[in-house]
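This report describes a ligand site and a few individual residues. Look at the model first, then read on.

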Amino acid sequence: MPHAGICAHTLHVYPDLERLSEAAAERWIALSQEAFARHGAFHVALAGGSTPKRLYQLLAHAEYRKRIDWTRVQFYFGDERAVPPTHADSNFRMAQEALLAHLDIPVDNIHRMAATPEHIEQDAADYAALLRAHLPCDTAGTPVFDLMLLGMGADGHTCSLFPGSPILHERVRSVGTVYVERLQSWRLSLTYPVLDAARHVLFLVAGPDKAAMLRQICHPDTSAPVVPVQGLRPRGQLEWYLDAPAAAELNP
Ligand code: 6PG
């Protein structure tokens, strides 16, 4: 019986994506202050997709922007599609347009996950080396993020840890390659060891199309397949930020 462990963590439910994003922005600010006090920096892995875009836009807005010492924030990516950084599918482009371009920070604070189909394996190795060079590591040598932002697909994937993909079995490398058949595209993704090692994981999940999967993972039955999100074993704090439509099928 798959356990509902991943849902045993804190669930915050908000009326809509706007309020979810406002609450997540406040959490970002609080976590950044904790990280600054702890080691003088805030190492954040940004999520891709569409859900986090509003959070990024809010953080770029003056009333939030002025509350964070951005020069001490180091930006990384949880996953990236093997497309140019100007491509419409690029997670970097989404974050750049919503947040990064609006911050007065050194370009060296932004660590793009460069991914090209021609040398995707080398790209994975290069980004893993970058993480080891910039982030504190645990005793196993796994980079430890202060904050890991994650989304969840309707199929239960997170980052580019898609159901059935070999990267789900990667327990050594910090960054792996994924070929997504249905999307006919290559991706890079952080692996479970890095997700598990993060001090804080915030899942941002919104929209009615996520309700069935949230019910499946929070109220699992024996017929339900285990999905990638359920493979997380966070050693830090994990919180779910949900909007009401996504949480609609959860037991109160
Ligand atoms: C990506 C993300 C992916 C995303 C989910 C949810 O590169 O697409 O890493 O894991 O978080 O697919 O996407 P939405 O927020 O668009 O629903």
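Helices (H or I, at least four residues) and strands (E, at least two) are DSSP runs, numbered from the N terminus. The model is predicted, so local features need pLDDT of at least 70 and side-chain atom pairs count only at pLDDT 80 or more, while totals for chains, interfaces and linings use all residues. Residues are numbered from 1 along each chain as its sequence is written, and side-chain values use heavy atoms, with hydrogens and water left out.

**The ligand site**

The ligand is surrounded by 15 residues, and the closest are S50, T51, D79, C159 and K210. Here a residue is near a molecule if one of its heavy atoms lies within 4 Å of it. The shell consists of two nonpolar, nine polar and four charged residues. In this grouping Ala, Val, Leu, Ile, Met, Phe, Trp, Tyr, Cys and Pro are nonpolar, Asp, Glu, Lys and Arg are charged, and the others, Gly among them, are polar.

| Residue | Part with the N or O atom | Distance to a ligand oxygen atom |
|---|---|---|
| S50 | side chain | 2.7 Å |
| H157 | side chain | 2.7 Å |
| C159 | backbone | 2.7 Å |

Taken alone, the ligand exposes 420 Å², and the protein buries 87% of that. Such areas come from the Shrake-Rupley method with a 1.4 Å probe; for residues, only the protein chains shown count as cover.

**Two residues with positive phi**

Most residues other than glycine have a negative phi. C159 is not a glycine, yet its phi is positive, about 50°. C159 belongs to the loop between strand 5 (147-150) and strand 6 (175-180). Is C159 buried or exposed? C159 counts as buried because its relative accessibility is 10%. Buried means under 20% relative accessible area, exposed over 50%, and partly exposed in between (1.4 Å probe, protein chains only).

Q184 also has a positive phi, near 50°, and is a residue other than glycine. Q184 lies in the loop between strand 6 and strand 7 (185-190). With a relative accessible area of 54%, Q184 is exposed.

**A buried histidine**

H200 is part of strand 8 (residues 200-205). Its relative accessibility is 9%, so H200 counts as buried. The side chain of H200 makes a polar contact with the side chain of Q237, at 2.8 Å. A polar contact is a pair of N or O atoms within 3.5 Å; within protein, one must be able to donate a hydrogen and the other to accept it, and residues adjacent in sequence count only if both atoms are side-chain atoms.
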